[in-house]
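Please examine the structure shown below and follow the description alongside it.

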Amino acid sequence: MTTPTEGQTRTIERTFTREDVEQFAAVSGDDQSRHTEPDEDGRVMVQGLLTATLPTSIGSDNEVLASLMEFRFRRPVYTGETITCHSTYESVTEREDDYVFTSELVCENEAGETVLTGTVEGMMPKD
């Protein structure tokens, strides 16, 4: 774990596949036709909550225990698109055994269009 500091940004990038969407549909039950039937370009729409696994992956790297995750889905994501997620600590409070924080996040597609924004509040233990 790295010690969190206000203003610090963590980034992750992922390209979702058809298999990712199918597996998420099987687990979540979100198997609407938009997630199973390809469009004219052969792509399917990625479930919003599957896209939201990007910031949760960032949190996992630091053993974050989230108390609030608020997402706003701005535009659809399709298989084959590379999505980059930036999570920035807006506030960090050090306590005896952990850090309490608020992060703001922005996820963008390859064209630089915002696909998801959000806020995460939580804590992470000290080493």
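Predicted model: local features only at pLDDT ≥ 70, side-chain atom pairs only at ≥ 80, totals over all residues.

Gly-29 comes directly after helix α1 and has a positive phi, near 85°. Helix α1 spans residues 18-28, and Asp-20, Val-21, Phe-24 and Ala-25 within α1 are buried. Viewed down the axis of α1, these buried residues fall within an arc of 130°, so they line one face of the helix. An α-helix has 3.6 residues a turn, so residues three or four places apart point the same way. The face of α1 turned away from the buried side carries exposed residues, namely Glu-19, Ala-26 and Val-27. On the buried side, the residues of α1 pack against β1 (9-15), α2 (33-36) and α3 (48-51).

The strands come next. Five of them form an open sheet in the order β1-β3-β4-β5-β2, with antiparallel pairing. Because β1 and β2 (65-73) stand at the edges with a single partner strand each, one side of each is left without a neighbour in the sheet. From one strand to the next, the twist averages 15°. Helix α4 packs on the sheet, where α4 touches β1, β2, β3 and β4, and its direction makes about 130° with that of β1. Within the sheet, β3 and β4 are joined by 10 antiparallel bridges, and Ser-91 stands opposite Thr-102 in β4.

Which residues touch the most other members of the largest nonpolar core? Among its 23 residues, they are Phe-16, Ile-83, Cys-85 and Cys-107. At least two residues of this core come from each of α1, α4 (53-61), β3 (82-94), β4 (98-108) and β5 (114-125). The contacts of Cys-85 include Ile-12, Leu-54, Ile-58 and Cys-107.

Technical notes:
Residues numbered from 1 in each chain as written. Heavy atoms only, no water. Buried < 20%, exposed > 50% of the residue type's maximum accessible area, 1.4 Å probe, protein only. Helix = DSSP H or I, 4+ residues; strand = E, 2+ residues; numbered from the N terminus. Arc of directions from axis to C-beta. Contact = heavy atoms within 4.5 Å. Core = buried A, V, L, I, M, F, W, Y, C linked by side-chain atoms within 4.5 Å. Pairing = 2+ DSSP bridges. Axes fitted to C-alpha atoms, helices over the stretch in contact; angles between N-to-C directions.
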